[in-house]
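Subject: Structure handover

Hello,

Please find the structure below. My notes on it follow.

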Amino acid sequence: MHVAKKGLRVLGIAESFRGRDRSVLAGVVMRRDRVIDGVEIGEVTVGGMDATAAVIALFFDFEREDVNLIMLSGCIIAWYNIIDPAAVHAATGVPVVVVTYEDSEGLEEEIAAHFPGDEERVAAYRRLGERLPLRLKNGYAVYIRPAGIDDDTAGRVVDAFTLEGRVPEPLRVARLAARAVMRYTCRPR
């Protein structure tokens, strides 16, 4: 992957929910030169186990073959609905990098407390493995989980798409889109 290539395209996926049974997923394709090249909207069940399938479906909704990398804003979304980055990579054939922003001791105990006896969810969490710390060129720290791409290249792509702060632009714009759709669909009619 040529990280400096202007035409490199990243699909950033983020979500937004507020006390609902469904969460809004937004996907934004952004070129390396920061031109937005596509937007799609999907949904996932709050507290469900359909996040991996929803991310894969959102990718295929674009009907594109020029996406070079999928970047996810976290892999535990919509109240412990877990995305499996390796499964997303296997289904799409596109490398995946999950980006998170806070250090954590882990969520296994919280998952077990909220979903007693849900061994499938706990096993899905355990399969995620460890996150890798990444110091961005702007001085901020993030954590990444790469799938289908080496750690160094994953870090360089995240760094290349981060202008300021710690949120890479494809994820920042996807989060804005998801919030806008969620607010619109929650309006009283």
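A charge counts as sitting over a ring if NZ of Lys or CZ of Arg is within 6 Å of the ring centre and within 35 degrees of the ring normal. By that rule, the charged end of R121 sits over the ring of F115, at 3.8 Å from the ring centre. R131 likewise lies over the face of Y143, 4.4 Å from the centre of that ring.

Some background: this is a predicted model, in which local features need pLDDT of at least 70 and side-chain atom pairs count only at pLDDT 80 or more, while totals for chains, interfaces and linings use all residues. Residues are numbered from 1 along each chain as its sequence is written, and side-chain values use heavy atoms, with hydrogens and water left out.

Aromatic pairs

The structure holds four aromatic pairs (rings of Phe, Tyr and Trp, the last by its six-membered ring, with centres within 6.5 Å; planes under 30 degrees apart are stacked, over 60 edge-to-face, the rest tilted). One of them is W79 with F115: the ring centres are 4.8 Å apart and the planes stand at 50 degrees, so this pair is tilted. W79 is in the loop between β5 (76-77) and β6 (81-82), and F115 is in the loop between α3 (108-114) and α4 (119-127), so the pair links distant parts of the chain, 36 residues apart. Helices (H or I, at least four residues) and strands (E, at least two) are DSSP runs, numbered from the N terminus.

F115 is buried, with a relative accessible area of 12%, whereas W79 is partly exposed at 39% (buried is under 20%, exposed over 50%, partly exposed in between, with a 1.4 Å probe and protein chains only).

Y80 also pairs with F115, edge-to-face, at 6.1 Å centre to centre and 80 degrees between the planes. Y80 lies in the loop between β5 and β6, so its pairing with F115, in the loop between α3 and α4, ties together parts 35 residues apart in sequence. Y80 is buried, with a relative accessible area of 12%. W79, Y80 and F115 form one aromatic cluster.

Serine 23

S23 is in strand β2 (residues 22-31) and is buried, with a relative accessible area of 1%.

Regards
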